[in-house]
Amino acid sequence: MNERDSEQVARMFVEGGYTLTGEEQEADAILVNTCSVRDQAEQKALGKMGMMGKHREKRAHVVYGFMGCMAQSRGEELFERIPHLDLVVGTQKYHRVFGHVDGILRKRMEERMDVLPMSLEGNAVEEEGIRIPDPALGRLVDTDVEEGSQNTIRDHVAVEKQASAFVSIMQGCNMRCSFCIVPDTRGQERGRPIADVVEEVKRLAEQGTREVTLLGQIVNLYGRTEFEKVDGKSPFVQLLEAVHEVEGIKRIRFTSPHPIGYRDDLVAAFTYLPKLCSHIHFPMQSGSDRILKAMRRPYRNEKFVAICEKMKTARPDLAITTDIIVGFPTETEEDFQATVDCVKRLQFDNSFIFRYSSRKNTPAAEMEGQLPERLKEERNQELLRIQGEIATRKNAALIGSRQEVLCTGPSKTNKERLSSRTSQNKIVILDGDQERLTGEIFEVEIEDSTGFTLFGTAVVEG
Ligand code: SF4
């Protein structure tokens, strides 16, 4: 979701005449979009921003900003941690980032023009003894609630041959999981109108996108507070049907659904909407009912398992991946074992397993029975090992089979090779002509595998 929000911000800068760069020493503005899900993510963002302050020594005008969840939850306090920071922009204000940054930059440029040697010499100014503009100039915090902000995440940076794109369909979450900071940082659930989402998907299809992933914190509950059910179908299923109609789109994914509101209309959609990929990422969090209750996840494990089983009946080749938290406060060996049993029973294709990390201002952080790090780590490692064995075995079983893949472009780890995904969202690495194959759907013969990746060769017919 952060990736998608960042793309929207980037697009506004491009429209405003700026150029995107991956080289931080060249940038006039450095913005870090932050996540608050784990403390580690916040520390990383703070560390990175701290390090990047050095660029101001040579380029006095550089604007530094935090966006996203940490910006929302910590606000002004961030200026104390990062003295060179200019801007703190919350989760309902992404569309305002460009205006804020542009405004600060213009002010700084005007100030710079007043200093003649600086205007003539460009950036290398420190050595010349020219003053850096007042770092507090234009310092700004913008974290208020803004009605309709969900409708502003709708544009994409034009990338040649973008095979797959994220589409944000809603913002916020009305659940109150006791470990989660999202309801505070992202606000109440707000869905975009179906017609707007369809328009965006059509534009993507016209540019060559073949696959869209619909994004929401609690995606299957999209529109529940704004839109009506029609013929017993939830707004989310209505949206899936509408997106399915878009010509040129071949694959549809969504993430992440919640067991609450995962009803039969959504299960049935997998039987009559063939563009829906055979994969769901379905967060379980724990296999213990006692821990689910402590997490304020309002379902029992039995219900979660029943949905997975119905989904496998609706789509027999379905892959299921999940999120699991181990070491939640008060988790006993028995609770942990219930999670292990469920992982073994459901044979997830993959799991994102997290050690519980306490988040400030969440009820779980105040709970008694916090577990020692050592125990959390032991449980984490054990579950990773079990999941690793399952994933390795499942992937190995695909060796020798043919899988239909969508080629998404060069592999992230080896630019000489191509990366693609099966309908089950498994990564397949292969050789081939990047220009010709990116954005194409074709069959690959699987020749090798690890727990995370498959390797294969494109099948050339005839
Ligand atoms: S469903 Fe729970 S974990 Fe997911 S965003 Fe909402 S509050 Fe957080």
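A residue counts as buried when 20 or more other C-beta atoms lie within 10 Å of its own, as exposed when there are 12 or fewer, and as partly exposed in between. Keep that scale in mind as we walk through this predicted model.

Let's start with R4, which sits in helix α1 (residues 2-15). R4 has 16 C-beta neighbours inside 10 Å, so it falls into the partly exposed class. Setting aside residues up to four places away in sequence, R4 touches I153, F166, S168 and L215. Take I153 as an example: 149 residues separate it from R4 along the chain, yet the C-alpha atoms of the two are 7.9 Å apart.

Now step back to the whole chain. Among contacts between residues at least 6 apart in sequence, 72% join residues at least 24 apart. The secondary structure comes to 17 helices and 17 strands, and buried residues make up 41% of the 462 residues. The C-alpha atoms fill a box of roughly 75 × 65 × 45 Å along the principal axes.

Next, look inside at strand β11 (319-326). Of its 8 residues, 7 are buried, which means that β11 is largely enclosed by the rest of the structure. Strand β10 (residues 279-281) runs parallel to β11 and is joined to it by 3 bridges; H281 has T321 in β11 as its bridge partner. Strand β12 also runs parallel to β11, with 6 bridges between them. Here V326 stands opposite R355 in β12.

Helix α16 (residues 373-396) packs against this part of the structure. Its 24 residues reach 34 Å from first C-alpha to last, close to the 34 Å expected at 1.5 Å a residue. Which of its residues are buried? They are K376, R379, Q387, A391 and N395. An α-helix has 3.6 residues a turn, so residues three or four places apart point the same way. The buried residues of α16 pack against β11 and β12 (350-355), and also against α14 (333-346), β16 (441-449) and β17 (453-458).

Finally, visit the ligand. Around it are C173, M175, C177, C180, V182, P183, Q217, I218 and H258. By class, this shell has 7 nonpolar and 2 polar residues, with no charged ones.

Terms used:
Residues are numbered from 1 along each chain as its sequence is written. This is a predicted model: local features need pLDDT of at least 70, side-chain atom pairs count only at pLDDT 80 or more; totals for chains, interfaces and linings use all residues. Helices (H or I, at least four residues) and strands (E, at least two) are DSSP runs, numbered from the N terminus. The expected span of a helix is 1.5 Å times one less than its number of residues. Two residues are in contact if their C-beta atoms, placed from the backbone, lie within 7 Å. A residue is near a molecule or strand if its C-beta atom, placed from the backbone, lies within 6 Å of it. Ala, Val, Leu, Ile, Met, Phe, Trp, Tyr, Cys and Pro count as nonpolar, Asp, Glu, Lys and Arg as charged, and the others, Gly among them, as polar. Two strands pair if DSSP finds at least two bridges between them.
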